Amino acid sequence: MNDPTPAVICRDLRKRYVTRGQPPVDALVGLDLTAQVGECLGLLGPNGAGKTTTIEVLEGLLEPTSGDVEVLGMRWGVDDEPLRQRIGISLQETRLADKLTVTETLKLFRSFYRNGCDPAEVLEVVSLDEKRHARLDTLSGGQKQRLAVASALVGEPELLFLDEPTTGLDPQSRRDVWDIIRRHKERGRTTLLTTHYMDEAERLCDRVVVIDRGKAIAVGSPSELIHRIGGELVIQFSLKNHKAVAAAEAKLFSDLPSVRDCHCDAGGFTLTVGAPHECIPALVERLSVNHLELTRLTTRHVSLEDVFVNLTGRRLTAEELADKAP
Amino acid sequence: MTRYHPIFELFLCRMRMFYREPDAIFWTYGFPVLLTIGLGVAFRTKPPDKVQVAVQDAPELREIRRTLESDHSFQTLVGSVAQCEAWIRKGEADIAVLHSDGVEYRSDPTRPEAAIARLRVDEAIQRAAGRTDAVAIKDAHVTSPGARYIDFLIPGLLGMNLMGGGLWGIGFVTVDMRIRKLLKRLIATPMRKRDFFLSLIGSRMVFTIPEVLLLLVTGWLLFRVAIEGSLVNIAIVAGIGALSFAGLGLFLASRARKIETISGLMNAVMLPMWIFSGIFFSSKRFPDLLQPFIQALPLTQLNNALRAVITDGASLMSQWLPLSILAAYGFVSFVLALRWFKWT
């Protein structure tokens, strides 16, 4: 973590997409980030926040409009070949050739690197050794994704870029991919991944860069970010006639003991609290005094989702935000 | 540890992707052979048509009728005068032989086959009656192989295949890889672009070999289409043609991001050549005004060179002009393709 040369540095990254006949779209508006050697850094944000644009600029696949990028102490446009030899990339939804087998695909990718490992070894790492002679069109979504990660690992990269490695996978397949990434990290190597899954960022990443609307709005380890908003527990509840109450009395609960934050949306109220044992009895009393009836009450620990809501006032769920970047 | 050669691996993968795709195999190899067989059978050389002759059913013509019926070059119809006249009117007979004060030939002089029929019927009748030739004649028949329609067709189909194979085999495959983001994935590795293009073109050249052999062998086995030129010359001409169209295919595919786009582009490029470049009939049949345009089409030049080498056994040197035009097409489109090529 204290390595003097970070694996990735980017400063004031800007990217403007210009399409004829349409207003320009600013996908990145001054993004800064640093990935230390050996860490797993997650770019977390909703769809259209600029995660893929950021990672593709760092991968040298996209030219930024302006800004400064340094990867493994080198620069795109100057040291492309040596850089490509030392990084591994898995793009968002690449469909590799259907008619090739798993081993054939890996041998192809292996052939591009001067140094790397035996395809058979990588297949063991990603638990695809039993499928080595299977054609790609017979693989499940999870197996294809593990192969995509394997194709990024076969050159033994110091720095691994993964763009939404687990999107669309079932829970077991997601855990399989996480294991692969953890093993890469255990060897002291750097990973930079994008995700819009909170749990993924919390479990996998040493640090998280929260990206929204083209810039980094928070950086830190998941626990740091969670502590930064001050609470330790989230109480969520909804009321009978929720809509009428919400509009008029959103502030009804913000003065309860230890409440750090109070949000209200169509789903109900969300309180971030420091001392639940003080807050919950007070909440129940407040409700009965006001003749309000609970229809639901749950508690959970503060998550990155709450950090995002706290920072932006919006939820991180993908569906709520339109795609901004192409 | 085994050493991995990127060009070799890329080439192998391209080969596997091709031969594991039954559709591609059929359209590249099966379809042209079926087309050759179909057209070869439809336009096979037929023996000359029989002369249709109507003979009046009259005792005086019994001898003549026997003469005509015993000759296989005549198809005789026997009936009354009225029937004979009806046959002539309807074109079912070219000539009628009637009895009136002797023998009468009745025919419609505006029909060209009537004149031939008259000559041949008269010849047969007179010869049977004892006429002899005043001058002794010896006939020599000159239906030489190489002058039939199928002999014209095979080199044309070969050219058409080399065009289709080059355009589809390179253009379609490249756009498909772009759509799959496979090109982007490849460019994200240290792969050298040169290796990618070389293996793409190289594999296409290998696919050409069975393509050419199959057509030539089918033509020879089924229709005895003779190959006058040397196989080496044919291979060189076919190779230059295949390279030229591969370059064109890569050029068309250099930016297209949709299958519809590349299909439209390729059809727009191929359509004029299907019509004008002398696949099914000679391009010389088009008016002189169009000839400069027609001769500028790469497929016209490829077909000319293939016909010269296959049918006439021409030397490579004599084909320097068409070969240079083809090579220029290939070179220019390849250079433009590399300049324009988009990986993402």
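## Walking through the model

Me: In the hairpin of strand 8 and strand 9 of chain A, which residue takes a positive phi near 50 degrees?
Reply: This hairpin has two residues between its strands. Strands here are DSSP runs (E, at least two residues; helices are H or I, at least four), numbered from the N terminus. The residue with the positive phi near 50 degrees is A:R213.

Me: Before we go on, what pLDDT do local features need here?
Reply: Residues are numbered from 1 along each chain as its sequence is written, while chains are lettered from A and ligands numbered from 1 in the order in which they are written. This is a predicted model, where totals for chains, interfaces and linings use all residues, side-chain atom pairs count only at pLDDT 80 or more, and local features need pLDDT of at least 70.

Me: What strand order does the six-stranded sheet of chain A have?
Reply: It's an open sheet with mixed pairing, and its order is 5-6-7-3-8-9. Strand 5 (87-90) and strand 9 (215-220) of chain A each pair on one side only, which makes them the edge strands. On average, neighbouring strands here are turned by 15 degrees against each other, direction ignored.

Me: Which strands of chain A does helix 11 touch?
Reply: Start with helix 5 (residues 141-153) of chain A, which lies across strand 5 and strand 6 (159-163) and runs at about 160 degrees to strand 5 (angles go from 0 to 180 degrees between N-to-C directions, with axes fitted to C-alpha atoms, for helices over the stretch in contact). Helix 11 (residues 304-312) of chain A also packs on the sheet, its direction making about 40 degrees with that of strand 8. It touches strand 3, strand 8 and strand 9 of chain A.

Me: What about the three-stranded sheet of chain A: what is its order?
Reply: This open sheet has antiparallel pairing. Its edge strands are strand 2 (25-35) and strand 4 (66-71) of chain A. Strand 1 (residues 8-17) is joined to strand 4 by five bridges, with A:R14 standing opposite A:S66. The order is 2-1-4.

Me: At about what angle does helix 1 of chain A run to strand 1?
Reply: Helix 1 (residues 51-58) of chain A lies across strand 1, strand 2 and strand 4 of chain A. Against strand 1 of chain A, its direction is at about 120 degrees.

Me: Which helix of chain A gives the most to the side that touches chain B?
Reply: The contact (C-beta atoms, placed from the backbone, within 7 Å) takes 23 residues from chain A and 21 residues from chain B. Helix 2 (80-86) and helix 3 (102-111) of chain A each supply at least two residues of chain A's side. With six residues, the top contributor is helix 3 of chain A.

Me: Why are helix 3 of chain A and helix 1 of chain B called roughly antiparallel?
Reply: Helix 3 of chain A and helix 1 (residues 6-19) of chain B have axes 8 Å apart. Angles over 145 degrees count as roughly antiparallel (under 35 is roughly parallel, 65 to 115 roughly perpendicular, the rest oblique). These helices are therefore roughly antiparallel, since they pack at an angle of about 150 degrees.

Me: How far apart are the C-alpha centres of the two domains of chain A?
Reply: The domain assignment (automatic or from a database) gives chain A domain 1 (8-221) and domain 2 (230-301). Chain B is divided into domain 1 (51-128) and domain 2 (146-340), with 55 Å between their C-alpha centres. For chain A, the separation is 40 Å.

Methods
Two strands pair if DSSP finds at least two bridges between them. Two residues are in contact if their C-beta atoms, placed from the backbone, lie within 7 Å.
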